[in-house]
Structures are given as C-alpha cells and as structure tokens.
Amino acid sequence: VSVKANLNKLNDTTGSVAKVGSNGTSGSASITLVGGSASKADALITAIVAAAVVGASMDVGQLNVYADVNAYANADIHVPSTSLDLFNASVIETAANTAGSYSATVDSTGQRAGQVLRAASLDIKVTYYATSFAATGPAGGLSASVASASLNKATAQTGLSATALLAGSGSVDVTGIANVQVFGHAKSNALGRTYSLSISGVKLTVNWTSATLNATQRANVKNTGAMTIGGTLKINSEFVKDGSGYGEATATTGGAGGGTSVSILSASTNVARAIVAAMIYAGITNEPGDMPGLLQAGSIDIDATVDTKSTATAKAAYEVSIATIGNLDATAIIYSTVEAYIQRALVEVSGNVSVNSSSTATASASSDSPGGVGLAVASNAKARTFIGMPTSANLNSDDQSGITDLLGQKPQTASAYVDAATVTAGGNITIKAYNTGYASSEVKKATTVGLATISNSIIPTFSEYYTKVQVLNGSTLDATGNISITAEDYTR
C-alpha cells in the first residue's frame with residue numbers, strides 16, 4: 001500500500017516567477033510615483049503537502065507514506081543589456097519567498113478495540129527541494145524624485161517545516177524494518193547586479209541583498225499505545241548541502257553601476273547578507289503528561305544531521321569591469337540546532353540503540369575594495385562572519401551594525417540525550433553529539449576595479465558552539481553490551 005502526496009514532482013524550477021524592469025522614461029519626463037518610489041517584483045509560493053494514514057486497521061506487505069515536494073520562487077529584473085541607456089522612475093525591489101509545511105504521517109490513534117496496523121515493512125518519508133532566488137540592480141538612471149535613502153533590494157527567503165511521524169495510542173506491528181525520515185534540500189540566493197550607464201548626469205543608488213534559509217525538520221516516533229518493530233527502527237532527519245547549492249544561503253552584491261557624471265543617493269553601502277538557521281530534530285518522544293507505551297524493536301538507529309553553508313560576497317562590480325558606486329559590506333551568519341533524543345519513552349530493543357547528532361557549519365564573508373564612484377577619498381569595506389550569534393554585549397558598534405535584530409544567545413548547537421526515559425538493549429547503547437565548523441572573513445584591498453582608499457576595514461570572525469550529551473531526569477540505560485556517551489567538537 002502506498003499513500004503519496006506530490007508537488008511539482010521531478011521539477012525543481014516550476015513555481016512562482018516574477019520580473020520587473022525599467023520604466024523606460026526619458027530624462028525630461030515628469031513622473032509622479034504613487035504609493036512609494038520602488039518598482040517591485042514579488043514571487044511567493046506557499047504549499048501544504050501532506051500524506052497520512054490515520055486510525056487504520058490493515059494487514060499489508062509494505063506500507064509507504066510519502067510526501068515529495070519541489071517548491072520554487074524566482075523574482076528578477078529585466079534590463080536590455082549590461083550597458084544601460086534608459087532612465088528609470090524608481091528603484092527596484094524584488095522578493096522571492098518559498099514557504100510551506102510538508103508532512104508524512106502514520107497514526108494508529110482512532111483504532112477500535114482489537115484493531116492493529118500490521119505491515120511487513122514501513123516507510124514514512126518526506127523529501128523536499130525548495131528554492132528562492134531574487135536579483136536586483138539599477139534598471140536605468142534615476143531621473144525622478146526618489147527618496148535619498150532608497151535602495152535597490154533583493155530579498156530571498158526560504159522558510160519551511162517538514163515532519164515525518166509514526167505515532168498513536170493504538171497498535172502498530174511491523175515484522176521487518178520501519179523508516180521515519182525527512183530529507184531536506186533548500187537554498188536561498190540573492191544577487192545585486194552591476195550595470196554600466198551610457199547616460200550621464202543621473203543618480204544611482206546602491207544594492208542591498210539578503211538571502212535567508214530557515215528550515216525546521218522533525219522525524220519523530222510517539223507511542224502511547226503498543227508498537228512492535230521486528231527489524232530496525234530508523235529515525236532520520238537530514239538537512240545537508242550537496243554541492244549544487246542546496247543547503248546554502250548565498251548573497252552576492254556588486255556596486256550598483258557606474259558611468260560619466262554619475263552621483264549617488266545618500267544610501268552609500270552595497271550590502272550582502274547570508275543567513276542560515278536550521279532546526280533539525282530526530283527521535284522518540286511523547287508529550288509531557290502522556291503515559292508512554294512500550295516500544296519494542298530489533299534495533300534503533302536515530303540520526304539528526306545538519307551540514308550547511310552561508311556565503312556573503314560584496315564585489316566592487318559583478319560580471320563587469322567598471323568603476324562602481326558605494327561602500328561594500330558582506331555578512332555571513334549560521335546559527336543552527338540539531339538534536340537526537342529518546343524522551344519520555346519506554347524502549348526495549350534486542351540489539352543496539354544508537355542516538356547521534358551531527359552539526360557542520362561553513363560560513364564565509366568576502367569584500368572587495370569599493371569601486372570609488374560617489375565616495376569621498378576614503379571608503380569602507382566590511383566582511384563579517386558569525387557561526388552562532390552573540391549578544392550585543394560581545395560586539396562593538398561596528399561589528400553589530402545592521403544585524404542588531406539577529407543578536408542573541410544562539411550558539412551552533414549539537415545535542416544528543418536520553419530524557420525521562422527507560423532504554424533496555426540486548427546489544428550496545430551509543431549516544432553521541434558532534435559539532436564542527438569553519439568561519440572566514442576577508443577584505444581584498446588590491447582589486448583591479450577598486451579606485452578608493454580604504455579608511456576602515458572591519459573583518460571580525462565570531463564563533464560560538466554548544467555540544468552536549470546528557471542522560472537526565474531519572475532516565476535508565478540498561479545494556480548487555482557497552483554504553484558509550486560522547487561529545488566531540490572540532491572548530492576552525
């Protein structure tokens with residue numbers, strides 16, 4: 001028996017697409033902007049995808065419950081070429097937002113007396129691919145009356161939740177293996193493009209890009225009834241980068257543009273922000289106050305894994321070689337939590353029990369020397385990297401400028417624990433948490449395009465990790481073999 005819910009299966013570039021371009025006005029045109037000074041393109045996709053078997057009584061071979069999702073949002077700008085000869089009445093703002101809730105559930109709650117859900121094997125799985133892409137840049141010289149603090153903005157945000165759940169107060173009997181798994185693939189990419197203006201005497205403004213990647217995943221087993229798994233019970237929540245951009249937030253900005261007699265609005269810094277905040281959970285748990293039922297299995301393997309990357313790059317020019325406007329500021333941030341657990345549960349296993357969490361974070365920020373146009377003789381370049389977020393008390397004013405809303409005690413956390421539970425194993429019991437990361441910040445002072453002298457370089461790198469393994473709140477571990485409890489970290 002298979003129960004499947006699919007969204008855009010086998011196609012990760014179908015979804016919401018929006019594009020905005022120049023107003024194409026002449027320099028002498030008189031334009032009145034209604035409701036603001038920005039032309040906007042917003043692409044949004046929000047999906048609820050659920051596959052479920054609830055309160056069922058059956059006797060089958062393999063039972064599969066799958067949710068497969070491809071979600072895509074793309075907001076971009078339209079310009080005729082890399083050299084602009086148009087005037088534009090407004091700045092350009094784009095926003096791409098991919099959101100949603102994805103779930104696969106088997107729940108025995110609601111069975112009548114004597115009913116049982118029986119299967120030779122059980123596979124509960126959520127697999128998703130989620131993408132947000134937003135790009136901005138000047139679509140022409142600003143000839144209209146635009147607020148001096150206006151920016152070309154690109155905001156890409158991917159924020160979603162995914163849950164695989166085996167639960168219930170009834171009876172579940174699986175003679176073979178049972179899998180409860182979430183495999184997450186998500187990315188956010190924001191881009192600020194550089195264009196050369198072939199018209200003179202106009203104003204430009206800077207680019208501001210932000211890519212945010214938020215994901216919450218849970219692979220859980222909750223049992224207040226009777227649950228027997230003859231083989232291995234595999235509980236796995238995985239959110240990792242794969243080399244094709246998934247698992248990454250990437251923000252790249254170039255100086256907005258350059259040309260003859262080009263001036264700059266009062267907003268004078270091109271900004272790239274890349275932020276990853278993933279919350280990844282896997283385990284056996286029950287709600288506080290619930291009476292746990294007996295869970296019996298051949299073996300139990302619990303794995304929660306996160307491996308993500310945040311990259312922010314502020315370039316003097318993106319894909320062209322011209323003198324450009326504005327200072328440069330790149331900030332890359334990761335603060336994630338990964339947990340593996342057996343909590344408020346009663347577990348008996350004939351073989352081994354393994355509870356493992358693993359966290360890997362890679363963050364880098366890079367800034368060129370600014371392009372020089374529209375600036376004083378001196379200029380500013382920032383490249384800031386954070387793995388884990390500190391409080392404001394740990395940072396000076398330059399280090400925290402522009403990110404005060406993100407500050408707080410948010411270490412990069414990996415934890416594995418047994419909490420208010422009884423675990424009996426015929427083999428070994430292993431509980432392990434692993435935490436590793438690499439952070440780098442760089443300001444390049446000798447770029448070929450850079451024309452200004454850097455008067456202020458800010459290159460902080462901040463890392464805070466929290467790695468813990470616990471057996472707490474009256475928990476009991478009883479193993480015929482070995483009991484191993486390990487916390488390990490390796491940071492650079």
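His 185 lies in strand 12 (residues 178-192); strands here are DSSP runs of E of at least two residues, helices are H or I runs of at least four, and both are numbered from the N terminus. At 14% relative accessibility, His 185 counts as buried, a label for anything under 20% relative accessible area, with exposed meaning over 50% and partly exposed in between (1.4 Å probe, protein chains only). Skipping its neighbours within four places in sequence, His 185 is in contact with Thr 127, Tyr 128, Tyr 129, Ala 130, Phe 239, Asp 242 and Tyr 246, where contact means heavy atoms within 4.5 Å.

A word on the source: this is a predicted model, where local features need pLDDT of at least 70 and side-chain atom pairs count only at pLDDT 80 or more, while totals for chains, interfaces and linings use all residues. Residues are numbered from 1 along each chain as its sequence is written, and side-chain values use heavy atoms, with hydrogens and water left out.

**The overall picture**

- The protein has 34 strands and one helix.
- Of its 492 residues, 59% are buried.
- Take the contacts with a separation of 6 or more: residues 24 or more positions apart account for 86% of them.

**Nonpolar cores**

- The largest nonpolar core has 106 residues, and Tyr 102, Tyr 128, Leu 233, Ile 284 and Ile 342 touch the most other members. A core of this kind is a set of buried Ala, Val, Leu, Ile, Met, Phe, Trp, Tyr and Cys residues joined through side-chain atoms within 4.5 Å.
- Strand 4 (residues 58-78) gives this core its largest share, ten residues.
- Leaving out neighbours within four places in sequence, Leu 233 is in contact with Ala 178, Val 180, Val 221, Ile 284, Leu 295, Ala 297, Ser 299, Ile 300 and Asp 301.
- Another core, of eleven residues, lies apart from the largest one, and Ala 277, Phe 386, Ile 403 and Leu 407 are among its members.

**Aromatic pairs**

- The whole structure holds four aromatic pairs. Rings of Phe, Tyr and Trp (its six-membered ring) pair if their centres lie within 6.5 Å, and planes under 30 degrees apart count as stacked, over 60 as edge-to-face and the rest as tilted.
- Tyr 341 and Tyr 417 are stacked, because their ring centres are 5.6 Å apart and their planes are at 25 degrees. This pair links distant parts of the chain, with Tyr 341 in strand 23 (residues 337-343) and Tyr 417 in strand 27 (residues 412-419), 76 residues apart.
- Tyr 341 is buried at 4% relative accessible area, and Tyr 417 is also buried, at 11%.
- Phe 386 and Phe 462 make a tilted pair, 6.3 Å centre to centre with 40 degrees between the planes. Phe 386 sits in strand 26 (residues 378-387) and Phe 462 in strand 31 (residues 461-463), 76 residues apart.
- Phe 386 has a relative accessible area of 1%, so it is buried.

**Charges over rings**

- Lys 125 lies over the face of Tyr 66, 5.0 Å from the ring centre. To count, NZ of Lys or CZ of Arg must be within 6 Å of the ring centre and within 35 degrees of the ring normal.
- Lys 187 has its charged end over the ring of Tyr 246, 4.3 Å from the centre.

**Salt bridges**

- There are nine salt bridges, each one a side-chain nitrogen of Lys or Arg within 4 Å of a carboxyl oxygen of Asp or Glu.
- Glu 93 and Lys 40 form one of them (3.9 Å, N to O). Glu 93 is in strand 7 (residues 91-107) and Lys 40 in strand 3 (residues 38-54), 53 residues apart.
- Glu 93 is partly exposed at 22% relative accessibility, whereas Lys 40 is exposed at 54%.
- Asp 303 and Lys 234 also meet in a salt bridge (2.6 Å, N to O). Asp 303 belongs to strand 21 (residues 294-315) and Lys 234 to strand 16 (residues 226-240), 69 residues apart.
- Asp 303 is buried, at 16% relative accessible area.
- Salt bridges that share partners tie Lys 234, Asp 301 and Asp 303 into one network.
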